[in-house]
Amino acid sequence: MFDKLAPTPITEKKYRYLMICAMVWMFTGAWVDASAHTYVIEDIETFFTPWHALLYSGYGFVVISAVYVKNKMKDYKFDVGVLGATIFAVGGGSDAIWHTLLGIETGVEPLITPSHLMLFLGSFLMLDHVFASRPEKDILDAASIFSIATIYGLIVFMTQFINPFLDREMFFYYNDDRLAAGSVFFHAMLACIVFVYSIRFRVSPRGMCAIYFISFLYQSVFFILGDLMSMVGLIVSGFWFGVGAFLITNWYYKTNHDRKVQIATALIGSLYGLFVVLNILYLSIFQDFDLVWRFYGLGGLVTTPLLFGYMIGNLGVNPKTGEVVAVSYTHLTLPTKA
C-alpha cells in the first residue's frame with residue numbers, strides 16, 4: 001500500500017524551490033496562529049481570523065503548487081502528498097465546525113483536538129511528499145533539508161506547551177522546576193533524534209546547520225504578536241546553535257573515532273541544554289528575573305542531555321555490523337543538474 005503512495009521524483013529545481021515557498025508560507029501561518037492563541041486569545045471569537053487566513057491560504061498555495069507541478073509532469077498519481085492534502089482539507093473543515101459549535105480552545109486543548117490532529121497528520125504527509133520526491137535518493141537537496149527542518153518544527157509546534165524557549169517563566173518558579181527540567185530533557189532528546197535521523201541521510205554540515213536554524217526560525221514566530229525582543233533572541237540562539245551543529249557534524253565526518261555517532265549526538269543534546277541555560281542566565285541578569293536554580297542544577301541541564309544523547313546515538317549504529325555513516329562531507333555537495 002505504502003509503495004503505491006510513493007511520489008514520483010521531482011527533478012526540476014524550480015519546482016523544488018516552489019515547494020520551499022509553499023512550506024514556509026503554510027507553516028509560518030501555523031506558528032502565527034500559535035502566537036495568536038498565546039497573546040490575543042481574549043480577542044479570538046471566531047474561526048475566521050487573520051492568522052487562520054495566513055495558515056489556510058498557505059495550504060491553498062501548497063495545493064495549487066502541487067496541482068501545477070503534477071500537471072506539468074503529467075503525473076496524475078494518488079500519492080502520499082495528495083492523501084495528506086485531503087486529510088488536511090477534512091481537518092480544516094472539521095476545525096471550522098468545531099470552533100463554531102464548541103468555541104475557541106485554550107491551554108493545551110488546541111494541540112489535541114480531533115480536528116487539529118487531522119491537520120497535523122495531513123501536514124506530516126505533505127511534508128513527507130516533499131522529502132520522498134527528492135530527485136536523488138542518496139542526496140538531500142534544499143527542499144529535502146527544509147522538509148526535515150519543518151517536520152522538526154511541526155513536532156516542536158505540537159509540544160510547545162513544554163518548550164524551554166517558549167515558556168521560559170517556568171524556570172523562575174519553585175513549583176515548576178520539574179516541568180522545566182523535563183522540558184529541557186525532552187527537547188534535547190528530540191534534537192538528538194533529529195541529528196541521528198539526518199546523519200543517516202548523509203546531511204552535510206551546512207545542511208545540519210540549516211535544519212536546526214530553520215526550526216528555530218519557525219519557533220521564533222511564536223513571539224511575533226507579543227514579544228519581538230524574545231523573537232530576535234530566539235533567532236540569535238538558533239543561529240549559534242546551527243553553528244554548533246555545523247562544527248559537530250564537520251567533526252563527525254572528519255574523525256575515525258569508533259564512537260563518533262554517540263559522541264556527536266551527545267554533544268548536540270548538551271549543546272541544546274547549554275543554550276537553554278544561557279537563555280535563563282540572560283533573563284536573570286538583564287531582565288531582572290529571580291533565578292531559583294542553583295549552579296549544579298543549571299549544570300545538570302547541560303550534562304544530563306549529554307548522557308541521553310550518547311544513548312540515542314546508538315540508534316545510528318548498525319546493530320549487526322556496528323557500522324555508522326562514514327563518508328567525507330566533501331562528497332556531500334548538492335547536484336548541479338536540474
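Predicted model: local features only at pLDDT ≥ 70, side-chain atom pairs only at ≥ 80, totals over all residues.

Me: In which hand, left or right, does α8 pass α9?

Reply: Residues are numbered from 1 along each chain as its sequence is written, and side-chain values use heavy atoms, with hydrogens and water left out. A crossing is left-handed if the near helix is turned anticlockwise from the far one by less than a right angle, and right-handed if clockwise. For α8 passing α9, the crossing is right-handed.

Me: How are α8 and α9 oriented to each other, roughly parallel or roughly antiparallel?

Reply: Helix α8 covers residues 228–254 and helix α9 covers residues 260–286, with their axes 10 Å apart and an angle of about 165 degrees. Axes are lines fitted to C-alpha atoms, for helices over the stretch in contact, and angles run from 0 to 180 degrees between N-to-C directions. Angles under 35 degrees count as roughly parallel, over 145 as roughly antiparallel, 65 to 115 as roughly perpendicular and the rest as oblique. The pair is therefore roughly antiparallel.

Me: Which residues does Ile 248 contact, leaving aside neighbours within four places in sequence?

Reply: Ile 248 lies in helix α8, where helices (H or I, at least four residues) and strands (E, at least two) are DSSP runs, numbered from the N terminus. Contact means heavy atoms within 4.5 Å. Beyond those neighbours, Ile 248 touches Phe 195, Ala 264, Leu 267, Ile 268 and Leu 271.

Me: Is Ile 248 buried or exposed?

Reply: Buried means under 20% relative accessible area, exposed over 50%, and partly exposed in between (1.4 Å probe, protein chains only). The relative accessible area of Ile 248 is 10%, so Ile 248 is buried.

Me: And which residues does Ser 237 touch, not counting those up to four places away in sequence?

Reply: Ser 237 is also worth a look, as a residue found in helix α8. With a relative accessible area of 13%, Ser 237 is buried. The residues it touches, with that exclusion, are Phe 165 and Phe 275.

Me: How many helices and strands does the chain have?

Reply: From the N terminus on, the elements run α-α-α-α-α-α-α-α-α-α. The secondary structure therefore comes, by the DSSP runs, to 10 helices and 0 strands.
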